[in-house]
Every structure is written in C-alpha cells, then in structure tokens.
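Open the model in your viewer and keep the selection tool at hand. The stops below go from a helix pair to the cores, then to one helix on its own.

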Amino acid sequence: MMTHFRREASEILAELEAMRALDAPTHGGRVLSYVYDSGLAELDELAAGAARLVQPVNGLDPTTFTSVAAMEAGVVGFARRVLGGAGDDDIVGSVTSGGTESCLLAVKSARDLWRSVRAGSPRVPRIVAPVTVHAAFHKAAEYFGLELDLVPVDPLTGVVSAAAIEERLGDDVALVVVSAPSYPFAALDPVADVASITGPRGIALHVDACIGGFALAFWPDELPAWNLAVPGVTSLSADLHKYGYAPKGVSVLLTRGRDRQRFQYFATTAWPGYPVVNPTLTGSKPAGPLAAAWSIIEALGEEGFAGLTAQAARATDALRGVVAGIDGLKIVGTPTGPLFAVAVDESVPADRRVDPHHWADAARASGWHLQLQPALTQADGTRLPHTTHLTVTPVTEAVIGELSKALVAAADVVRGVPPVDGRALVAGLAETLPGGLDALAGASAGLDSEGAAGLLRAFGLLGGAVADDEAAGADGALPDRLAPVLALVGALPPQLTERLLVELLARVVEPAPGS
Ligand SMILES: *Cc1c(COP(=O)(O)O)cnc(C)c1O
C-alpha cells in the first residue's frame, strides 16, 4: 500500500510540526498582526473539516463542481447582507483569494469601465486615494498601468478630507479609494462625504474594508456610514481571512451593478483548449478557503459574529486605555475598529518619551509581537510619524491582563532611549563598504542580485560576513531588534530599500547551496 512512499506520513508530519514550532505563535493572541484568532478551537476544527472535504475540488469551474457555486453564493449573500447591501439584488460579488486580489480586481474593473466609455483615450487612468491606502493599490496601479495619485492625510489623525480628494478629481480618474478603516492608523475615511462628491460625477468609489469590514459590520458602537448602504459606493472589499476568522486565502469583493462587475471577468475562447472564464486572477483554484469561510459563517451566523466582535471591541478599548496611560506614548488619531497605531508622545520631555519601535522590540523580547511601521513624508511635506501597530482579535480579551502588563513593562525598559538614528546607521554601514556612502547612494540603480546580497551581508541581514553594527542578526536569522532595521529602511533611498528587501525575501526561500 505504501509502494510509492519513501517516508512514513507520521515522520513527515512530525518534521512539519517541528518546523511549525519555530513559527510565530498563530494562536493565543501573542501576535498582534497577521493572524486573527477567534479563540474558538471548534471553529478552527470545523473550518479544517470543511476545507478537507473539498480538497480535491477545482474552484475553476463552478458548473462542474457545483458545491463551489453554492458556497460562493452563500458567502456573497452573507457579505452583502452585513455590509450594507441587504436585499439589494443589484449588488453582486466574488470570493477571491485575499484582500490584495479583491483590491486588484476592483481596480481592474474600474479601469476597464473607464476605458469602455472613453474608447481610444490616450490618457493613463488615475486612482485617487489617501496616502494611507493599502499597498495593494500601489501594486494594482503597477500591474494594471494606472497612475496612483496619493492624497496627504492629516498627520495628526491619519484621516483624509473629502475636500482634498475633490481637488484631485478629473476626467482621467477611474477610481477613488477610501478605507474603512485604514491599515496603518485605523482611520475611518469620510466615506459618505467622498461618495457625495464622486457619485454625481459618475466616478467609481471603492471602500477598502479588507481589514475592518467583518468587524465594523458588527461593531457595538454607532459608526458614520461606511459601507454599501452609501449610494455612491460602487465596490467594497472585506477579508474573510481577517475578521471572518477563516484560514488564509479568502476575501469578498462586492460590486454595485452587474454591468460594472462584468468588467472584472476575463473570458476567452481563442485557444484550442477549454473556454476560459475567470472572475478572479487565478485559473485553477482551491475551494478549501471558501469552504472554510462558508462553514464558519454557517456556524456563527450574525449573532456569533456580533459576540466575537464584542470581545475584540472590549479588548481594543481596554488596550487603548492601557496605552493611553503609558507616559511617553500616544495613540494616533481616533482609531475605528479593532486596531490602532501608537506613536511617541512629543508633548513630554525627551527623557520621558517612549520610542514606539524600541517599545515593540522590548515587547517582543517578552513574547509579544507588535508590528513596526515606518515614518512617511507626504507630498505636501508633512511627516507621518513612525508607529507601532496593534491588531486586536477576540482572543486578545483572554490575555488582556498579561498583555497590558507586558506593554507597560516594555515602555519602562525603553523610556528615554532616543529613536535609532537611521542616517548615522547608514553612514556607519557605508564606512564598511568599498566606495563608502557614494557607493550606497548610487547602488539602487542597476544593483544586481549579487550586489544586493553583498549589501545585505554587510548590513548583517543575510548569512555570511556580519558587520559590527546594531542591525546585525545572528548568521542570517532576522535580528532580535527591528527598530534599527526600520530606521535603516527609513534612511536609505526607497528604491534601494525595496531592491534589498526583494533580495532578502528571495534568498530566504532559496534551496541550500548545492542541494
Ligand atoms: C490586509 C489588507 C489588504 C490586503 O489584504 P491581503 O489579504 O493581505 O492580501 C488590503 N487592504 C487593507 C486595509 C488591509 O488591511
């Protein structure tokens, strides 16, 4: 029976378990980004069982595998009901592989609709969005050949004004995007105000509710209008693998108007194979994440979602209270939903300030993973501060006491420590390089893979020669402290940083040399 097998299944799984043990913990609330733990083991079991049942299915063809059509209709129906489109048959949707794919498709549809009414226009269509819009829209602009016009936000609150968006509108705008809320600062953009400007002009408006959608839908507090109940909103994305508690690989894109949504599709019969009709970017695709999401929705219903959301909301309130009470830190703006960002409180003297990145590193040393976010200079010259991001999930409530203590203690450890001076770090690193700073500055253009790897090694971020500096990690492992890495990211030319990060991530997955 085991004729084709080289190793015992149990042995292989044991090896995988050993690898998994080195991962950041996906459950238990210790990682405050990336993972969304309902805290309900039965829900994970159900989702795994559902995914297992459809494992052999190809989601490519819902007419052959009709379970896919039934589940997708169910998920889209639920999403439409809770995201402001209850009873509105004009709102249609697709299940996608994640937030990025939902955002890419929203842009593709808007671009193709824009083109269809301007046949032959030589203009490059434009996306107008606040600078806080998710990077997925940078990716969409690059992939689909649109210009991304980023509108500065209020540096104190992270919110964009509708007036600032209005100033940017013109005939070349294919899509305006706002967030509900934004990832970096949890700012709820003024959806209704923006819609009242874009709607009458016939400009498409996408609400990116990828992170917040399925939490805001059940949020206990009254919120300003933000979803498809706002008439000018033409599409909305919400991720089921975030506050839908599904395993990764599932999101929903809802679109107002069948005709608008049909631009999302790709179809061709112009090859000798099967007729291709793809609503999303992939061809063959798994049904597992869809089945997982569908089964979770069936299990929880709106009441279950409301209960989990209430837990996350209570934990968020409590955590915000704790952080607001830490001398030297402050919460950015007035965040909406189960996430927020933390910056240094510059209103207190330097010896009482807490650098948010040192704080995150100190918290990490005690087993709590917060997410470091870099500073950003906007087009108008104002600067968005470097921050630390916390995404709060239902399970956070169970560990709130422990987490609160850790956050307070971490601040005590680093209070008064000045932020890492990125420029000094770069200057120090440049000294170790042949050609010095000039070589670094010139390096972004025409850096090949070996050159990029060489720089990473010099910075101590890749195995091999490790420079004597504070960013250095142990032999290719990620460094214990991320504050210096983020400072480096902020001080190097963006193109160089991007090239180096590409190199780092590409090398991480390379097979061992000579293997
Ligand atoms: C997570 C997120 C995305 C991208 O989603 P992925 O599932 O990571 O591809 C887009 N927009 C916002 C606001 C997000 O938080």
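Start with H3 and H10, whose crossing is left-handed. This is a predicted model. Select residues 66-85 for H3 and residues 288-324 for H10. Their axes come within 9 Å and cross at roughly 35°.

Now show the side chains at the contact. From H3, pick Val68, Met71, Glu72, Val75, Phe78, Arg81 and Val82. From H10, pick Leu290, Ala291, Trp294, Ile297, Glu302 and Phe305.

Next, the cores. The largest nonpolar core has 74 residues. Select Leu83, Ile165, Val176, Phe214 and Trp226, the members with the most contacts inside it. H10 supplies the largest share of this core, nine residues.

Center on Trp226. Which residues does Trp226 touch, leaving aside those up to four places away in sequence? They are Leu83, Ala180, Leu188, Val191, Val207, Ala209, Gly213, Leu216, Ala217 and Leu236.

Then move to a second, separate core, this one of 27 residues. Leu32, Ala406, Ala411 and Val414 are among them.

Last stop: H13, residues 422-431. Color Gly422, Leu425, Val426, Leu429 and Ala430, which are buried. Look down the axis of H13: the buried residues fall within an arc of 135°, so they line one face of the helix. Turn to the other side of H13, where Arg423 and Glu431 are exposed.

Finish at the N-terminal end of H13, which Asp421 caps. Draw a distance from a side-chain oxygen of Asp421 to the backbone nitrogen of Arg423: the two atoms lie 3.1 Å apart.

Methods: Residues are numbered from 1 along each chain as its sequence is written. This is a predicted model: local features need pLDDT of at least 70, side-chain atom pairs count only at pLDDT 80 or more; totals for chains, interfaces and linings use all residues. Side-chain values use heavy atoms; hydrogens and water are left out. A nonpolar core is a set of buried Ala, Val, Leu, Ile, Met, Phe, Trp, Tyr and Cys residues joined through side-chain atoms within 4.5 Å. Buried means under 20% relative accessible area, exposed over 50%, partly exposed in between (1.4 Å probe, protein chains only). Helices (H or I, at least four residues) and strands (E, at least two) are DSSP runs, numbered from the N terminus. Contact means heavy atoms within 4.5 Å. The arc is that of the directions from the helix axis to the C-beta atoms. A polar contact is a pair of N or O atoms within 3.5 Å; within protein, one must be able to donate a hydrogen and the other to accept it, and residues adjacent in sequence count only if both atoms are side-chain atoms. Axes are lines fitted to C-alpha atoms, for helices over the stretch in contact, and angles run from 0 to 180 degrees between N-to-C directions. A crossing is left-handed if the near helix is turned anticlockwise from the far one by less than a right angle, and right-handed if clockwise.
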